[in-house]
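Student: Before we look at particular residues, could you show me how to read a model of this kind, one feature at a time?

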Amino acid sequence: MNIWCWISVVYAINLTTTSVQNMGIIDSTKHTLTCPKCGVVEQASVHQKGSRFGATWQQGPEFHNFEVVWVHDDFEEPQLKQAKCRQCGVDASALMA
Ligand SMILES: [Zn+2]
């Protein structure tokens, strides 16, 4: 792939991002939690919402199977600080996508 081809790919990605912005959701992150002991898996997404005042992030979601602690403010994506399986009380492994 030459450099011009690469630039046009980046340009196409930017166009896609712009059209998503018009729908109100700028960005989202999917968190997947897995308990290493009982194997329960749960997913939740955090969305960034755009407005004319700027973008704000939703609060971190609650999980049914996991006790979670989020760290966030309005301008930064919520960070998963801690996740424990409600049943086993062991730390969950977290995956961000
Ligand atoms: Zn468990």
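Tutor: Let us begin with burial: a residue is buried if 20 or more other C-beta atoms lie within 10 Å of its own, exposed if 12 or fewer, and partly exposed in between, with C-beta atoms placed from the backbone. Please keep in mind that this is a predicted model, in which local features need pLDDT of at least 70 and side-chain atom pairs count only at pLDDT 80 or more, while totals for chains, interfaces and linings use all residues. Residues are numbered from 1 along each chain as its sequence is written.

Student: Is Met96 buried or exposed, and why?

Tutor: Met96 counts as exposed because 11 other C-beta atoms lie within 10 Å. Met96 belongs to strand 6, residues 93-96, where helices (H or I, at least four residues) and strands (E, at least two) are DSSP runs numbered from the N terminus. Leaving aside residues up to four places away in sequence, Met96 touches Thr29 and His31, a contact being two residues whose C-beta atoms, placed from the backbone, lie within 7 Å.

Student: Why does Cys35 fall into the class that it does?

Tutor: Cys35 is buried, because it has 22 C-beta neighbours inside 10 Å. Cys35 sits in the loop between strand 1 (25-34) and strand 2, and, not counting residues up to four places away in sequence, it touches Val40, Cys85, Cys88, Val90 and Ala92. Over the whole protein chain of 97 residues, 13% count as buried.

Student: Which residues make up the largest nonpolar core?

Tutor: In soluble globular proteins, nonpolar side chains tend to be buried together. A nonpolar core is here a set of buried Ala, Val, Leu, Ile, Met, Phe, Trp, Tyr and Cys residues joined through C-beta atoms within 7 Å. The largest one has nine residues, namely Leu33, Cys35, Phe63, Phe66, Val68, Leu80, Ala83, Cys85 and Ala92. Strand 4 (66-71) and strand 5 (79-85) are the elements that give two or more residues to this core, and strand 5 provides the largest share, three residues.

Student: How do strand 2 and strand 3 pair?

Tutor: Two strands pair if DSSP finds at least two bridges between them. Strand 2 (residues 41-51) and strand 3 (residues 54-57) pair in the antiparallel sense over four bridges, and they form a hairpin with two residues between them. Ser51 has Gly54, in strand 3, as its bridge partner.
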